[in-house]
Amino acid sequence: MAVDANSCVQVVPPPIKSQSTVGAGDSMVGAMTLKLAENADLKTMVRYGVAAGSAATINQGTRLCSRDNTQKIFDYLQQH
């Protein structure tokens with residue numbers, strides 16, 4: 001969930017099987033920071049962050065999110 005002066009956005013993570021949560025928060029914050037730097041709107045920023053955090057959880061061990069998995073999950077979130 002994210003809130004700014006004009007809106008509130010809640011994004012529900014997709015139904016995926018989590019292998020590890022290591023690095024999920026770092027991936028989420030990094031992805032949101034990237035979108036913030038690109039001047040994305042709040043909804044896009046939050047969806048991309050949730051996508052990256054979710055993408056990190058599908059990996060075993062300490063691997064962070066991949067660009068391909070993040071994009072696939074982001075595309076899914078755009079449709080739901």
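In this predicted model, Val50 is found in helix α2, which spans residues 42-57. Val50 has a relative accessible area of 13%, and because the limit for a buried residue is under 20%, Val50 counts as buried.

**Surroundings of Val50**

- Once neighbours within four places in sequence are left aside, the residues in contact with Val50 are Val11, Pro13, Pro14, Met28 and Leu77.
- Val12 is 38 residues away from Val50 along the chain, and the C-alpha atoms of Val12 and Val50 are separated by 8.0 Å.
- Val12 belongs to the loop between β2 and α1, and with a relative accessibility of 58% Val12 counts as exposed, whereas Val50 is buried.

**Overall architecture of the chain**

- Read from the N terminus on, the elements of the protein chain follow the order β-β-α-α-α.
- The radius of gyration of the protein chain is 12 Å, close to the 12 Å that the globule rule gives for 80 residues, and the chain is therefore as compact as a globular protein of that length.
- Taken along the principal axes, the box filled by the C-alpha atoms of the protein chain is roughly 40 × 25 × 20 Å.
- Among contacts in the protein chain with a separation of 6 or more, 64% are between residues 24 or more positions apart.

**Surface, burial and charge**

- Of the 80 residues in the protein chain, 38% are buried.
- The protein chain has an accessible surface of about 5,100 Å², and carbon and sulfur atoms account for 53% of that surface.
- The charged side chains of the protein chain number 7 positive and 6 negative, with a distance of 8 Å between the centres of the two sets.

**The largest nonpolar core**

- In soluble globular proteins, nonpolar side chains tend to be buried together.
- The largest nonpolar core in this model has 16 residues, of which Val11, Leu42, Val46 and Leu77 touch the most other members.
- Helices α1 (24-37), α2 and α3 (67-79) each contribute at least two residues to this core, and α2 gives the most, with 8 residues.
- Two of the residues that touch the most other core members, Val11 and Leu77, are also among the contact partners of Val50.
- Leu42, when residues up to four places away in sequence are not counted, touches Ala2, Val3, Asp4, Ser7 and Val9.

- Ser54 is a residue of helix α2, and its relative accessible area of 8% places Ser54 in the buried class.
- Not counting residues up to four places away in sequence, Ser54 touches Pro13, Pro14, Ile16 and Ile73; among these, Pro13 and Pro14 are also in contact with Val50.
- Gly23 lies in the loop that runs between β2 (8-9) and α1, and Gly23 counts as buried at 15% relative accessibility.
- Gly23 touches Ala56 and Leu64, with residues up to four places away in sequence not counted.
- Gly23 and Gly61 are 38 residues apart along the chain, and their C-alpha atoms are separated by 9.4 Å.

**Positions with greater exposure**

- Asn39 sits in the loop between α1 and α2 and counts as exposed, its relative accessibility being 69%.
- The phi angle of Asn39 is near 60 degrees, which is a positive value in a residue other than glycine.
- Asp75 is located in helix α3 and is partly exposed, with a relative accessible area of 36%.
- From Asp75 to Cys65 the separation is 10 residues in sequence and 15 Å in space, taken from C-alpha to C-alpha.

Technical notes. Residues are numbered from 1 along each chain as its sequence is written. This is a predicted model: local features need pLDDT of at least 70, side-chain atom pairs count only at pLDDT 80 or more; totals for chains, interfaces and linings use all residues. Side-chain values use heavy atoms; hydrogens and water are left out. Helices (H or I, at least four residues) and strands (E, at least two) are DSSP runs, numbered from the N terminus. Buried means under 20% relative accessible area, exposed over 50%, partly exposed in between (1.4 Å probe, protein chains only). Contact means heavy atoms within 4.5 Å. The radius of gyration is taken over C-alpha atoms; the globule rule is 2.2 Å times the number of residues to the power 0.38. Accessible areas come from the Shrake-Rupley method with a 1.4 Å probe; for residues, only the protein chains shown count as cover. Lys and Arg count as positive and Asp and Glu as negative; His and the chain ends are not counted. The place of a charge is taken as NZ of Lys, CZ of Arg, CG of Asp or CD of Glu. A nonpolar core is a set of buried Ala, Val, Leu, Ile, Met, Phe, Trp, Tyr and Cys residues joined through side-chain atoms within 4.5 Å.
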